[in-house]
Amino acid sequence: MTAHPGICLTDKVIIQFGGTGLLGRALVKSLASAQATLVVASRNRAALQSLADAESAGGRKVFIEETDISSEASLSSLRDRVLAQHGRIDGIVFNAVSRPMGSMNDDLKKWRDSMETNATGFFATCRVFGDAMAKQGGGSIVNIASIYGMVGSNLSLYEGTNMGVAPDYFFNKGGMINLTRYLASHYGAQKVRVNVVSPGGIYNPDTPQAAEFITRYNKITMLGRMCDASEVGGAVIFLLSDSSTYITGTNLPVDGGHTAK
Amino acid sequence: MKRWYSLEEKTIWVTGGAGYLGSAITAELDQVCKKVVCFDLPGKSEALVRDLGLKRTVPLSTDINNAKTLPAILEGLLTEHGVPDGVVHLVTASSSGKRLEELSPDEFQRTFDLALTPSFILCRTLAERMKVRGTGSVILFSSMYGVVAPDKSIYHAPMAPNPIDYGASKAATLQMARYLAMHYGPSGVRFNCITPGPFPNKAVQRDHPSFVQDLTRRTVLHRVGQNEEIVGPTLFLLTDGASFVTGHSLVVDGGWTIW
């Protein structure tokens with residue numbers, strides 16, 4: 001028996017932006033196991049080298065490319081290198097994020113820094129690679145937002161912990177979700193689909209969140225638990241693949257039902 | 001290691017499995033599942049299995065539209081076929097086909113009686129059995145017209161605009177999926193909706209080109225959907241690739257509702 005051929009990324013060249021965090025590393029493993037030729041674009045090659053080596057040793061195709069998404073020249077150079085080495089670009093995953101703000105009362109310089117990467121860098125990346133895929137005849141962009149681009153913060157989750165929520169994140173992720181619709185409309189006729197995945201809270205097994213936070217968080221999802229980082233890849237692969245050819249502009253929450261109640 | 005998208009040990013029930021969207025889903029599930037149980041109007045499932053040479057699909061003509069007789073019918077089916085791992089419930093489609101000014105109370109009520117109450121009984125009965133096992137995935141089918149109102153300007157006489165009872169029942173289906181997801185989530189049973197956009201069947205595509213052209217203009221992909229494009233979303237929601245996705249309305253509409 002064969003699995004459905006569409007829900008995999010065989011022969012597809014995918015660029016993933018941001019790969020060093022908890023979710024980023026899980027996405028690298030998921031996309032590589034779905035048989036993508038995966039280029040991970042990051043500021044930090046050293047932090048990714050051992051993961052890429054391990055994936056390559058397992059027979060999967062993972063390459064690292066150092067990139068600065070706040071520079072259009074760096075993005076164009078990346079596009080040209082990938083096209084030269086792999087011949088085409090079938091999809092990108094925008095998982096890069098910068099979190100300079102810690103709280104509501106931080107200096108506005110930190111807000112501006114956040115915009116530089118999360119707004120301007122995000123838009124520049126979508127434009128450079130959206131244009132490249134449009135020219136090529138089609139492709140798929142998958143942006144990684146958050147439920148915090150959909151709903152406000154529930155401060156009671158954080159009471160009594162040293163955890164906080166920063167305002168720039170809500171602005172950027174909300175903007176990402178609606179810019180995804182704009183881009184879906186802009187690139188639709190050129191067969192570039194643009195969608196967004198909005199994960200809920202992801203449990204961190206290496207440095208676990210505060211115990212009282214986890215207990216409270218589990219109660220606000222329908223499935224009664226936090227997300228495992230490995231559970232986001234399925235949605236991303238689906239939206240990159242030829243299994244979702246009539247889906248564009250959609251926001252797909254991977255949140256255990258949090259935003260549905 | 002089995003891949004996350006593997007359904008090879010799963011039994012899936014598909015209601016309305018021989019219709020335009022359903023037949024594409026049933027045909028693919030037949031290739032990748034252990035067993036498919038396909039429900040449709042008398043003779044339709046049998047014809048589908050015969051015409052496509054399906055090997056793992058059990059065709060049934062069982063009437064599942066009567067909420068009162070449904071529990072006993074389902075118990076018999078569960079005994080014969082076991083508790084399904086997943087359910088693709090397309091039979092929520094019902095429509096008076098009437099213009100708003102001509103729609104009688106009985107016709108309005110009939111749509112709800114056919115679309116909603118049997119769906120609730122079916123979902124509850126099967127989910128109660130799935131929850132014992134702690135896993136399951138149920139997909140209901142809504143519509144873009146359960147999310148946005150129809151554009152009257154694309155329906156030219158004698159064609160009536162998509163009727164109010166249809167859209168209202170599809171909106172109710174979305175909410176029912178969310179409620180069921182909430183109720184059964186702690187038991188590991190997931191409920192989601194697929195919310196299709198314009199998927200006119202092949203006959204409409206052939207016989208009404210100007211209508212199809214109007215549908216096309218409302219999407220950002222500049223085309224209507226083809227029934228094979230509903231298969232991938234269905235497989236995704238059935239598999240462990242969607243293990244943290246529940247209560248969601250997965251919109252498959254070429255961008256119809258985004259602008």
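## A loop residue in chain A

The model is a predicted one. In it, phi of Gln35(A) is near 75°. That is a positive value, and the residue is not a glycine.

Is Gln35(A) buried, exposed or partly exposed? Gln35(A) has 15 C-beta neighbours inside 10 Å. A residue needs 20 or more to be buried, and 12 or fewer to be exposed. Gln35(A) therefore counts as partly exposed.

## Chain A as a whole

Chain A holds seven helices and seven strands. Read from the N terminus, its elements follow the order β-α-β-α-β-α-β-α-β-α-β-α-α-β.

A compact globule of 261 residues would have a radius of gyration near 18 Å. Chain A has 18 Å, so the two agree. Along the principal axes, its C-alpha trace spans about 55 × 50 × 40 Å. Buried residues account for 49% of the 261 residues in chain A. Take the contacts in chain A between residues at least 6 apart in sequence: 77% of them join residues at least 24 apart.

## Helices α1 and α7 of chain A

Two packed helices are described by the angle between their axes and the distance between the axes. In chain A, one such pair is helix α1 (residues 22-33) and helix α7 (residues 233-240). Their axes come within 9 Å and cross at roughly 50°. α1(A) and α7(A) are therefore oblique to each other. Their crossing is right-handed.

Which residues meet here? From α1(A) come Ala26(A), Leu27(A), Ser30(A) and Leu31(A). From α7(A) come Gly233(A), Val236(A) and Ile237(A). By type, the contact of α1(A) with α7(A) has five nonpolar residues, two polar and no charged.

## Chain B as a whole

Chain B has nine helices and seven strands. For 259 residues, a compact globule would have a radius of gyration near 18 Å. The value for chain B is 18 Å, which agrees. The C-alpha trace of chain B spans about 50 × 40 × 35 Å along its principal axes.

Of the 259 residues in chain B, 50% are buried. Among its contacts between residues at least 6 apart in sequence, 70% join residues at least 24 apart.

## Helices α3 and α5 of chain B

Helix α3 (residues 70-81) of chain B packs against helix α5 (residues 117-133) of chain B, with axes that come within 10 Å. The axes cross at roughly 40°. That angle makes α3(B) oblique to α5(B). The crossing of α3(B) and α5(B) is right-handed.

On α3(B), the contact is made by Leu70(B), Pro71(B), Leu74(B) and Leu78(B). On α5(B), the partners are Pro118(B), Ile121(B), Leu122(B), Thr125(B) and Arg129(B). What types of residue make up this contact of α3(B) with α5(B)? Seven are nonpolar, one is polar and one is charged.

## Two loop features in chain B

A cis peptide bond joins Ala157(B) to Pro158(B), with omega of about 5°. Pro158(B) lies in the loop between β5 (136-141) and α6 of chain B.

His222(B) is in another loop of chain B, between α8 (209-217) and α9. Its phi is positive, about 60°, although His222(B) is not a glycine. His222(B) has 14 other C-beta atoms within 10 Å, so it is partly exposed.

## Where the chains meet

How many residues of chain B are in contact with chain A? On the chain B side there are 37, and they touch 35 residues of chain A. Elements of chain B that give two or more residues to this side are α1 (20-32), α6 (164-184), α9 (231-238) and β7 (249-252). The largest share comes from α9(B), with four residues.

By type, the side of chain B that touches chain A has 19 nonpolar residues, 13 polar and five charged.

Methods. Residues are numbered from 1 along each chain as its sequence is written. Chains are lettered from A and ligands numbered from 1 in the order in which they are written. This is a predicted model: local features need pLDDT of at least 70, side-chain atom pairs count only at pLDDT 80 or more; totals for chains, interfaces and linings use all residues. Two residues are in contact if their C-beta atoms, placed from the backbone, lie within 7 Å. Ala, Val, Leu, Ile, Met, Phe, Trp, Tyr, Cys and Pro count as nonpolar, Asp, Glu, Lys and Arg as charged, and the others, Gly among them, as polar. The radius of gyration is taken over C-alpha atoms; the globule rule is 2.2 Å times the number of residues to the power 0.38. Axes are lines fitted to C-alpha atoms, for helices over the stretch in contact, and angles run from 0 to 180 degrees between N-to-C directions. Angles under 35 degrees count as roughly parallel, over 145 as roughly antiparallel, 65 to 115 as roughly perpendicular and the rest as oblique. A crossing is left-handed if the near helix is turned anticlockwise from the far one by less than a right angle, and right-handed if clockwise.
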